Amino acid sequence: MTTSAMTQTGVLRIATPDDGTPKPVPVADWVTIEALRKDSDAVYTRLLRESPVAWVPVMKRILICPAAACTAAEQHAEVFSSQAGAAHMVRALGARPLIRKDGAEHSVERKNINPSLRPKSMLEHWSEIFERNAALSLEELRAIGPCEADLNTHYAAPVAARNLAALVGLPHVPWQTIARWSRDFIAGSGNVTENADVWARCETAKAESTEVLGEAFGRLRREPDRSITSLMLEAGMPEENVRANVLLAISGGMNEPQHVTTGSVYYLDQYPAVRTAVMSDPQLWTALFEETVRYLTPIAILTRQTTADVVVAGYDIPAGSQVGLVLAAANKDPDFVEDPHEFRLDRKDRRHVGFGNGPHLCAGKWAAQAGIGRIAVPMLYRELPHFRVDHSRPSAWDGFIFRGLSKLPVTWD
Ligand code: HEM
């Protein structure tokens, strides 16, 4: 088996045995939207086991499940392009953001924002701000009270939105506005049915954010700060590209931290031994965060389009195919993670692909680890006596591509 190699005819082979003729991609027509909504993990696990590379009609894509194939595909961006199918995102955000660019066009923009998002920057600058945001959100959660509190709405959302607002240089914008923009940009970016109401809401969000960013650009040019917006302006990027990347961060950096906050609390409730371990060793909060990102995989699938014929895990995929890299399956692949269906913090190797890998590896990974994993989640258990999930009220899950708890009632003494 090679991770990746080129055949004599110049066709890339990834995660494919050296011998053997590549097979045509089979069809997995047993995958239904209903089954995905009910238990997406069960569907992705079955695909990994039975049809690791398969055309899935309801998704109009070839889904690729093995971890070795997903990681190699992400690294071969010259064949697995991020550019295609971005028309709706470009319309929603006003220009093509870096997540939908390849090669040098992508890396030049990515390099501009990286300095603000590294672990060192978290320690030196952002952690203090994330602490304040979490403390303020905790006060609001306390005011809602232990009989009414919903962790997603009353804590995870304000924390995620406030942290995001700071990272993009808009700390004065109310968190509810950031959350609404995020929702409306996501809906616009995925508005394949061309729903007029969705476009109307997206246009409103774009007009409002453009006005707010116009003022911020002026301020940041006079007084630069450590936000990603300031860094992109300092690097001389055109304003429409800066705006598109800020709106991308607002749409992409909200739901996942929210889902990891609620997911962490949910898994601590489900796995009491893990909870006991974390409570007695604060060093384990980071491990809890990483295991939650792996186990939950809040972004279950990444979309790509092939630019050339390619062989993946022994299957022929033609040029121009729409593919989905199923991170949720890769993170439960026994060839990649030992005992993948167990939620454990004592893994020797904590690798996972919940943040992707390769050139588009999540830019906000360290910010999420600091803001959620080391600050917001531990604060709940430190500050609220006997903090726990309230099983007398219903919780709810949502989504099979972007997925997580949409409702998690919590209580304390
Ligand atoms: C636990 C929370 C998060 C998870 C699980 C997550 C996951 C991901 C994944 C899987 C990708 C790769 C997308 C692709 O290759 O197509 C990505 C990219 C990205 N994420 Fe995150 N993300 C999280 C938090 C954040 C936050 C807080 C920000 C805010 C700054 C952010 C900003 C971005 C950006 C800008 C990209 C595009 C990077 C590029 O194209 O070079 N993310 N994220």
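**Helix α10.** I began with the buried residues of α10, where buried means under 20% relative accessible area, exposed over 50% and partly exposed in between, with a 1.4 Å probe and protein chains only; they are N241, V242, R243, A244, N245, V246, L247, L248, A249, I250 and S251. The model is a predicted one, in which local features need pLDDT of at least 70, side-chain atom pairs count only at pLDDT 80 or more, and totals for chains, interfaces and linings use all residues. I kept in mind that residues are numbered from 1 along each chain as its sequence is written, and that side-chain values use heavy atoms, with hydrogens and water left out.

Helices here are DSSP runs of H or I with at least four residues, strands are runs of E with at least two, and both are numbered from the N terminus. Since 11 of the 14 residues of α10 are buried, I noted the helix as largely enclosed by the rest of the structure. I then looked up its packing partners, and the buried residues of α10 pack against α3 (87–93), α4 (103–113), α6 (151–167), α7 (175–189), α8 (196–222) and α9 (228–234). The helix covers residues 239–252 and reaches 20 Å from its first C-alpha to its last, close to the 20 Å expected at 1.5 Å a residue, the expected span being 1.5 Å times one less than the number of residues.

**The ligand.** I counted as near any residue with a heavy atom within 4 Å of the molecule, and 24 residues surround the ligand, the closest being H106, R110, R304, H360 and C362. An N or O atom in the side chain of H106 is 2.6 Å from an oxygen atom of the ligand, a polar side-chain atom of R110 lies 2.8 Å from a ligand oxygen, and for H360 the side-chain N or O atom is 2.6 Å from an oxygen atom of the ligand. The elements that give two or more residues to this shell are α4, α11 (255–270) and β7 (301–306), and α11 gives the most, with 3 residues.

**Q258.** I followed α11 to Q258, which is located in that helix and counts as buried at 10% relative accessibility. With contact meaning heavy atoms within 4.5 Å, and leaving aside its neighbours within four places in sequence, Q258 touches N152, A156, A157 and A160.

**Two loop residues.** I looked up E194 in the loop between α7 and α8, where its phi is near 55°, a positive value in a residue other than glycine; E194 is partly exposed at 43% relative accessibility. D339, in the loop between α14 (327–330) and α15 (365–383), also has a positive phi, of about 40°, although it is not a glycine, and at 35% relative accessibility D339 counts as partly exposed.

**I129.** I found I129 in helix α5 (residues 119–144), buried with a relative accessible area of 17%. I129 and M6 are 123 residues apart in sequence and 48 Å apart in space, C-alpha to C-alpha.

**The whole chain.** Of the contacts with a separation of 6 or more, 68% are between residues 24 or more positions apart. The C-alpha atoms fill a box of roughly 65 × 50 × 40 Å along the principal axes.

Definitions and conventions: A polar contact is a pair of N or O atoms within 3.5 Å; within protein, one must be able to donate a hydrogen and the other to accept it, and residues adjacent in sequence count only if both atoms are side-chain atoms.
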